[in-house]
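Here is a short briefing for a first look at this structure. Start with the view below, then read on by topic.

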Amino acid sequence: MAEFYEDDDNPSEEPLDENLEPEETEVTTPEMEDVLAGEESPSAAPEETFDTEESREEIEEEEEGQEEMEETMPREIVVPGQVLGQKSKDLLSGYGTVTAPSGIISLYVGFLQQRGKYLNVIPFKGRYIPHVGDKVIGKIFDKNVVLWKIDINSPYISILRPSDAGDSDRGNRRPERGGRGGGQEVRRRFDRGGKKEDTSAMNVGDIIIAKVLRFDRTTEPALTTVGPDLGLIRGGFLIDITVPKIPRLIGKSGSMIKLLNSLTTCKIFVAQNGVVWVKGRKPEDERIIIKAIRKIESEAHTVGLTDRVKEFIDNELKNLNN
Amino acid sequence: MPLVPEMPPEKIFREDGLRLDGRTPTQLRDLRIEIGVLKNADGSAMVCHGKNRIIAGAYGPREVHPRHLAESDTGILQVQYRMSTFSVPERKTPAPGRREKEISMVVQRALEPVLFLEQYPNSTIDIFIQVMTADGGTRCASITAAALALADMGIPMRDLVTGVAVGKINGQIILDLADKEDKWEEGAADMPVAVMMNEKKITLLQLDGQVSVDEMEEMLNLALEGGKQIYEMQKEALRQKYNSELVGR
């Protein structure tokens with residue numbers, strides 16, 4: 001069976017990711033910088049890893065005007081095995097599709113979308129598969145002397161070793177954010193004469209933001225908490241959303257997340273594994289943001305969502321003030 | 001002994017030539033499909049095929065327990081087919097029997113070809129199939145339901161898998177056997193088929209009874225014909241579920 005699909009480009013790394021994820025964004029206030037950094041990096045990471053895709057991205061930038069038009073068109077729901085078209089020079093199999101003898105077929109239940117000459121299928125549901133460089137939010141569910149085990153909502157249990165949690169860049173520590181940076185925790189213990197290479201710094205049940213350091217078919221994902229934004233988090237809310245809808249929550253060039261940040265006092269961190277961390281100065285704001293995120297999730301397929309979310313939040317804020 | 005013993009019917013065809021439930025020889029039973037019936041499963045489907053009621057739930061990909069079952073180069077598919085104690089006229093013991101293990105295995109093998117399991121090494125996809133009411137052809141309905149549960153879960157699939165049974169009674173070839181037809185013994189054969197309809201690839205073929213080569217060919221063609229109808233309903237059910245979910249909001 002495998003030979004039928006030989007000419008298929010690896011579907012999991014196809015253009016969808018870069019299409020939907022934001023490009024580098026300009027940050028307006030230093031306060032937002034921390035939060036936004038989390039959203040910028042997912043797009044940056046795949047670019048680093050697959051440099052061959054640069055040229056493709058250029059092509060897509062040229063076609064931006066066309067994309068805008070396509071967004072307004074009603075999208076078709078397709079199911080696995082459905083023939084979407086015949087492969088030709090102008091029509092290639094993109095994300096979520098595969099080339100079979102009968103033509104380009106869909107692999108998922110999802111929306112059909114054409115970007116340039118690529119036919120993509122955006123699935124409605126899916127599970128998070130780790131990629132190197134992704135920032136994820138996970139929960140420590142087990143530890144021993146040499147490593148923590150972290151549940152990151154994926155098929156695989158990921159591990160964090162103290163050596164990957166140690167000695168963060170101290171300049172990035174921010175006491176008002178709970179002194180985040182796992183490095184700090186470990187470092188402090190080390191300064192007090194404790195052993196650096198042990199796992200006493202974090203406990204079972206702690207929630208951390210981490211980056212996927214290594215992952216391939218043969219080893220379980222290894223995480224690191226060294227770096228800006230990474231480390232223990234305290235307070236706020238965690239929300240689960242379906243993984244395929246994350247790009248919509250971030251918005252084009254991070255527009256949606258900028259909007260959510262600018263309208264309320266909340267800081268929002270969207271992790272690639274479908275977990276969103278919301279922390280606000282006022283609980284009312286947090287509640288509004290959670291509602292808004294739920295709205296985005298359920299209306300992810302619709303057009304003009306950013307405007308409607310803005311309206312929604314404005315209304316909620318008005319109700320709050322009355 | 002059951003309080004009311006089930007008597008075999010005297011005749012398997014009515015006088016007007018139709019079957020006991022009023023179907024023509026090449027007619028399917030009523031089929032109703034619901035997607036997403038289990039809240040806590042990653043994907044689920046219920047198939048009501050004639051009097052069959054079958055619920056399938058799919059989970060994963062997730063960690064394999066026990067660990068030694070994990071394959072380092074590919075994911076695995078684990079299927080559990082279970083009949084409820086109340087699903088048949090006489091109480092069925094809840095312990096999994098030989099038949100259930102066999103059906104679990106054939107369903108697993110019927111579904112494996114559509115999945116890209118090699119993308120999920122060291123992990124498992126679990127499917128649990130519970131038969132609430134049984135009326136013949138549960139393994140085919142189970143495959144239909146399990147394929148939909150997998151599609152609902154959102155993992156890549158080459159195609160849906162459709163299960164359909166064909167058989168022979170008194171030399172007459174019929175589609176989609178009900179329980180009573182299944183148990184008929186005169187000149188009878190029973191052939192469950194699972195097929196990837198898009199490319200007409202057969203992933204399950206079992207045969208119980210004796211048929212000639214010509215009859216076999218006729219039965220296969222009939223199975224593909226019936227499978228096509230079920231396949232269309234499967235696709236429609238998936239589209240409808242998401243259509244209503246998305247438009248409803």
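A helix here is a DSSP run of H or I covering at least four residues, and helices are numbered from the N terminus. By that rule, A:S163 sits in helix 5 of chain A, residues 162–165. The model is predicted. Chain A has 10 helices and 16 strands.

**Around A:S163**
- Is A:S163 buried, exposed or partly exposed? A residue counts as buried with 20 or more other C-beta atoms within 10 Å, and as exposed with 12 or fewer. A:S163 has 14 within 10 Å, so A:S163 is partly exposed.
- A:S163 and A:L223 are 60 residues apart in sequence. In space, their C-alpha atoms are 11 Å apart.

**Chain A as a whole**
- Chain A has 322 residues, and 44% of them are buried.
- Consider the contacts in chain A between residues at least 6 apart in sequence. Of these, 63% join residues at least 24 apart.

**Confidence**
- The average pLDDT of chain A is 73. A score of at least 70 is reached by 67% of the residues.
- Residues 1–73 of chain A stay under 50 in pLDDT. The model gives this stretch 96 contacts beyond four places in sequence.
- Residues 167–183 of chain A also stay under 50. Here the model has 39 contacts beyond four places in sequence.
- Where pLDDT is low, the predicted coordinates should not be read in detail.

**A pair of packed helices**
- Two packed helices are described by the angle between their axes and the distance between those axes.
- In chain A, helix 8 (residues 255–263) packs with helix 10 (residues 305–321) at an angle of about 15°. Their axes are 10 Å apart.
- Angles under 35 degrees count as roughly parallel. Helix 8 and helix 10 of chain A are therefore roughly parallel to each other.
- The crossing of helix 8 of chain A past helix 10 of chain A is right-handed.
- Helix 8 of chain A contributes A:S255, A:M256, A:L259 and A:L263 to the contact. Helix 10 of chain A contributes A:T306, A:V309, A:K310 and A:I313.
- By class, this contact between helix 8 and helix 10 of chain A has 5 nonpolar, 2 polar and 1 charged residues.

**Where chain B meets chain A**
- The contact takes 27 residues from chain A and 28 residues from chain B.
- On the chain B side, strand 3 (52–63), helix 2 (138–153) and helix 4 (213–248) each give two or more residues.
- Helix 4 of chain B gives the largest share, 6 residues.
- The chain B side divides into 12 nonpolar, 7 polar and 9 charged residues.

Technical notes
Residues are numbered from 1 along each chain as its sequence is written. Chains are lettered from A and ligands numbered from 1 in the order in which they are written. This is a predicted model: local features need pLDDT of at least 70, side-chain atom pairs count only at pLDDT 80 or more; totals for chains, interfaces and linings use all residues. Two residues are in contact if their C-beta atoms, placed from the backbone, lie within 7 Å. Ala, Val, Leu, Ile, Met, Phe, Trp, Tyr, Cys and Pro count as nonpolar, Asp, Glu, Lys and Arg as charged, and the others, Gly among them, as polar. pLDDT is the predictor's confidence in each residue, from 0 to 100. Axes are lines fitted to C-alpha atoms, for helices over the stretch in contact, and angles run from 0 to 180 degrees between N-to-C directions. Angles under 35 degrees count as roughly parallel, over 145 as roughly antiparallel, 65 to 115 as roughly perpendicular and the rest as oblique. A crossing is left-handed if the near helix is turned anticlockwise from the far one by less than a right angle, and right-handed if clockwise.
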